[in-house]
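Student: I have a protein structure to read and I would like to work through it with you. Can we take it in short questions?

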Amino acid sequence: MTPGHTPAEPVAQAQPVGPARPVVGTQPVVRARDVTMTYGDLEVLHGVDLDIHRGEIFALLGPNGAGKTTTVEILEGFRRRSAGEVSVLGADPERGDDAWRGRIGLVLQSWRDHRRWRVAELLTHFAAYYPDPRDPAELLALVGLTEQAGRQVERLSGGQRRRLDVALGIVGRPELLFLDEPTTGFDPEARHEFHVLVERLAREEGVTVLLTTHDLMEAERLADRIAMLVGGRIRACGTPTELARQAAARAEVRWTADDGTPRRERAADPSRLVWELHRDANGPIAGLEVRRPTLEDTYLHMLHRETDGTDGTHGTDGTDGTDGTDGTARAA
Amino acid sequence: MTNAWRAGLQRGRIELRHLLRSPKEMSGHLTNVVVALVIAAYVTGHVPGTHVPMAHLLLAGFAAYLLFQIGLVNLPQILVTEREEGTLLRLRATPGGIPAYLVAKTLLVVAVAVGTLALLLAVAALLADGPLPHGPGGWLTLLWVTTLGLLAVVPLGAAIGAVLPNPREALALIMLPTMGLLFTSGTVFPITSLPVPVQQVASVFPLKWMAQGLRSALLPDTARTAEAAGSWELPMVALVLSAWAVLGFLLAVPLLRRAARRESGSRLSARHRRAAQSGALPG
C-alpha cells in the first residue's frame with residue numbers, strides 16, 4: 001500500500017548510540033507552530049510550538065488539564081486544531097491518508113478491545129493491514145508474551161495487556177510511536193523491561209517516540225528531550241539538564257557540621273559551595289553529598305514559578321491599578 | 001483497498017468463529033429459534049378463512065423478526081460495545097481498518113441472519129411439518145425478501161449503533177420499540193385482528209413488510225385472503241423495504257463516519273471512567 005515506505009533500520013544504523021541529536025537540515029518528524037485550540041470560549045492551547053526529530057524519545061509533561069491530551073490528539077490526527085501549522089511525517093494529520101496512518105503507531109491507555117481474541121491471532125490479524133509488518137512470533141518474544149500466545153486477551157494481566165498494546169502499536173514498523181502513560185499499573189520489573197524495549201526501538205531502529213507520562217522518573221530515564229506543557233503553552237523544552245538550568249533548579253549539598261548537626265544547602269553552583277566548605281574546614285567534610293536536581297525538582301520548581309509568576313503579574317497590575325484606586329478611596 | 005478487503009474477510013471469519021464458540025452468544029441466537037418453535041408447537045387452529053395452520057403464519061412472522069432483530073438489536077449492540085471497548089478506535093488508527101471493519105461486520109451479520117433463518121425453517125420443516133417455499137418462485141421470493149429485508153434493517157441498525165450512548169442504555173432504548181413492532185406488525189397473529197390505526201402505524205416500518213413478504217414465500221397462495229389488502233402486495237413490500245434501505249444508507253454513511261472520526265483516546269478514557277463510576281465495567 002505504501003510503495004515509498006521503507007523500514008527504518010538503515011537510518012537506525014546511522015544513528016549514534018546514546019541520546020539522538022537532531023540532524024541538521026532534515027525535516028523534523030513532528031513540527032508544530034503556533035497551534036491553538038479553542039472549545040467554545042475556552043482556549044486550551046495558546047500557541048504550541050514543537051519540533052521532534054527522527055530517532056528521538058520525546059516526553060511531554062504537564063499537570064492534568066494543561067492540554068497534553070489535546071496536543072497529542074492533534075498530532076495523531078484525532079482532533080482538529082483551531083489554528084496553527086502541524087506537520088507529522090511530512091503531512092498534515094487532519095489530511096493523513098492510510099499510507100500515513102501506516103507509518104504511525106499508537107499505544108493508548110484505555111484500550112479494552114478484542115477481549116475474545118487470542119493474543120497471537122490478534123497480532124497476526126493486525127499485521128495483515130500493513131505492507132511490511134513485523135513477524136508476529138518475533139514480536140511476541142520481544143514483548144515477552146510468547147507463553148501467552150494462545151491465551152484470550154481478556155485473561156491477560158494488566159501489564160501483559162499493555163505489552164500486547166505495545167506489540168500492536170509497533171507491528172506495522174511505525175516510524176513514529178505515540179505512547180500515552182504506557183507503564184501505568186506496571187510492576188518495577190515490567191516497567192524496566194518496557195523501558196529497555198522503548199530504548200531499543202529508538203536507538204536500534206530509529207523509531208521516533210512521543211511519550212506522555214505523569215511518571216517523572218520514567219521521563220528522566222527515557223527521554224532525550226522533555227517539553228513541559230503548562231496552561232496551554234510549552235513553558236520549557238530541552239534535555240533534563242537544560243531544563244534544570246532553565247528552571248534554575250538548584251543542586252542540594254548535604255554535610256555534617258563540626259557540632260554534628262546535619263546541614264543542607266541548595267546551590268546553583270554546588271562545586272563552588274563544596275570548594276568553599278573544604279576551604280573553611282581545611283580538610284575532609286563529614287557526610288558530604290551532592291544531589292543534582294531531579295526532574296521532579298525541576299518540574300515542581302517550574303510549576304511553582306509558573307503559578308507564582310502569574311500571581312506576581314496580577315499583583316503588580318493590582319498595585320498599579322485597582323489597589324491604588326482602592327487606596328485612594330480608603331484614604332478619602 | 002485490497003489489504004482492507006482481505007483483512008476484513010479474515011476478520012469476519014475470525015469473529016464468526018468466536019461467535020460459534022461463545023456459548024453465551026450462541027444461546028442468545030438459538031433461544032430465539034427455540035422460542036419460535038415452542039410457541040408454534042402450542043398454537044392450534046387455522047388462519048381465519050383459510051386452511052393454513054396458524055403455526056405457519058407464526059413461523060413466517062418469527063423468521064422476519066429474526067432478521068429484523070439481528071439488524072436492529074444485535075448489530076447496534078455490537079457497534080456500541082466495540083466503540084466503547086476501543087475496537088473502533090484501534091481500527092481507525094490502522095490503515096484500511098474502518099473499511100475492513102465494515103466488511104467483517106457485514107459478513108458476520110449476513111452469516112448469522114442466514115444461519116438462524118435456515119435453522120428455524122429446517123427444524124420446523126423436519127419436526128413439525130413447518131412451512132417451506134412452494135416451487136422455484138417461492139424460493140426466489142424468500143431470497144429477495146430476505147436480501148431486501150436485511151438491506152432495510154442492517155444499514156439502519158448501523159446508523160443507530162453509531163449514535164446510541166453506551167451498551168447498557170442502548171439495549172433499553174432499542175428493545176422497547178422492537179417489541180412493540182413485533183406485536184403490531186402481524187408477525188405473531190394476523191394483522192387484520194388489530195385496530196386499523198395500529199395497522200397503519202406498523203405499516204410505516206419494515207417489519208410488517210418483511211413478514212408479509214416471507215408469508216408470501218412460505219404460505220400457500222390461498223392464505224393471502226387473511227392479509228389486510230387481500231393480496232401479498234409484493235410491489236409494496238419491495239418499495240417499502242427499498243425505501244428503508246435507501247434511508248438507512250443515507251443515515252449510516254455520515255453517522256458511522258462521524259462516530260469513527262469522534263473516537264480518540266481521551267473520549268475512550270472518559271467513557272471508561274463514567275462506566276467504572278456507575279460500576280458497570282470491571283477495572
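Student: Where do we start: what share of the 332 residues in chain A is buried?
Tutor: Keep in mind that this model is predicted. A residue counts as buried when its relative accessible area is under 20%. In chain A, with its 332 residues, the buried share comes to 48%.

Student: How many helices and strands does chain A have?
Tutor: Both kinds of element occur in chain A. The count is twelve helices and twelve strands.

Student: What percentage of the contacts in chain A with a separation of 6 or more comes from residues 24 or more positions apart?
Tutor: Take the contacts in chain A with a separation of 6 or more. Then pick out those between residues 24 or more positions apart. Their share is 67%.

Student: Which residue forms a salt bridge with Arg103(A)?
Tutor: Arg103(A) sits in the loop between helix 3 (98-101) and strand 5 (104-107) of chain A. Its partner is 72 residues away, in the loop between helix 6 (158-170) and strand 6 (176-180) of chain A. The closest N and O atoms of the pair are 2.7 Å apart, and the partner is Glu175(A).

Student: Is Arg103(A) buried, partly exposed or exposed?
Tutor: Buried means under 20% and exposed means over 50%, with partly exposed in between. Glu175(A), at 8% relative accessibility, counts as buried. Arg103(A) has 23%, so Arg103(A) counts as partly exposed.

Student: How far apart in sequence are the parts that Glu252(A) and Arg264(A) tie together?
Tutor: These two form a salt bridge, with the closest N and O atoms 3.5 Å apart. Glu252(A) lies in strand 10 (residues 251-256) of chain A, and Arg264(A) lies in strand 11 (residues 262-267) of chain A. The pair therefore ties together parts whose separation in sequence is twelve residues.

Student: Which of these two is buried and which is exposed?
Tutor: Compare each value with the cut-offs, under 20% for buried and over 50% for exposed. Glu252(A) has a relative accessible area of 7%, so it is buried. Arg264(A) has 55%, so the exposed residue is Arg264(A).

Student: Which residues do salt bridges that share partners join into one network?
Tutor: Look for salt bridges with shared partners. They join up Arg80(A), Arg81(A), Asp92(A), Glu94(A) and Arg95(A).

Student: Now the interface. What area do chain B and chain A bury between them?
Tutor: On the chain B side, 37 residues are in contact with 28 residues of chain A. Carbon and sulfur atoms carry 50% of the buried area. The total is about 3,100 Å².

Student: How many salt bridges are there between chain B and chain A?
Tutor: The whole structure has 33 salt bridges over all chains. One between the two chains pairs Asp113(A) with Arg90(B), at 2.7 Å from N to O. The count between chain B and chain A is five.

Student: Why does the pair of Arg17(B) and Glu121(A) join two chains?
Tutor: Their side chains meet in a salt bridge, 2.4 Å from N to O. Arg17(B) is partly exposed at 35%, while Glu121(A) is buried at 15%. The pair joins two chains because Arg17(B) lies in helix 1 of chain B and Glu121(A) in helix 4 (residues 119-127) of chain A.

Student: How many residue pairs are in polar contact across the interface, and which helix supplies the largest share of the side of chain B that touches chain A?
Tutor: The rule finds 14 residue pairs in polar contact across the interface. Helices 1, 4, 5 and 11 of chain B each supply at least two residues of the side that touches chain A. The largest share is ten residues, from helix 1 of chain B.

Student: Which backbone oxygen does the side chain of Gln199(B) reach?
Tutor: Gln199(B) is found in helix 8 (residues 196-202) of chain B. At 15% relative accessibility, Gln199(B) counts as buried. Beyond its neighbours within four places in sequence, its contacts include Ile191(B) and Ala228(B). At 2.9 Å, its side chain reaches the backbone oxygen of Leu194(B).

Methods: Residues are numbered from 1 along each chain as its sequence is written. Chains are lettered from A and ligands numbered from 1 in the order in which they are written. This is a predicted model: local features need pLDDT of at least 70, side-chain atom pairs count only at pLDDT 80 or more; totals for chains, interfaces and linings use all residues. Side-chain values use heavy atoms; hydrogens and water are left out. Contact means heavy atoms within 4.5 Å. Buried area is the accessible area (1.4 Å probe) that two parts lose on being put together, summed over both. A salt bridge is a side-chain nitrogen of Lys or Arg within 4 Å of a carboxyl oxygen of Asp or Glu. A polar contact is a pair of N or O atoms within 3.5 Å; within protein, one must be able to donate a hydrogen and the other to accept it, and residues adjacent in sequence count only if both atoms are side-chain atoms. Helices (H or I, at least four residues) and strands (E, at least two) are DSSP runs, numbered from the N terminus. Buried means under 20% relative accessible area, exposed over 50%, partly exposed in between (1.4 Å probe, protein chains only).
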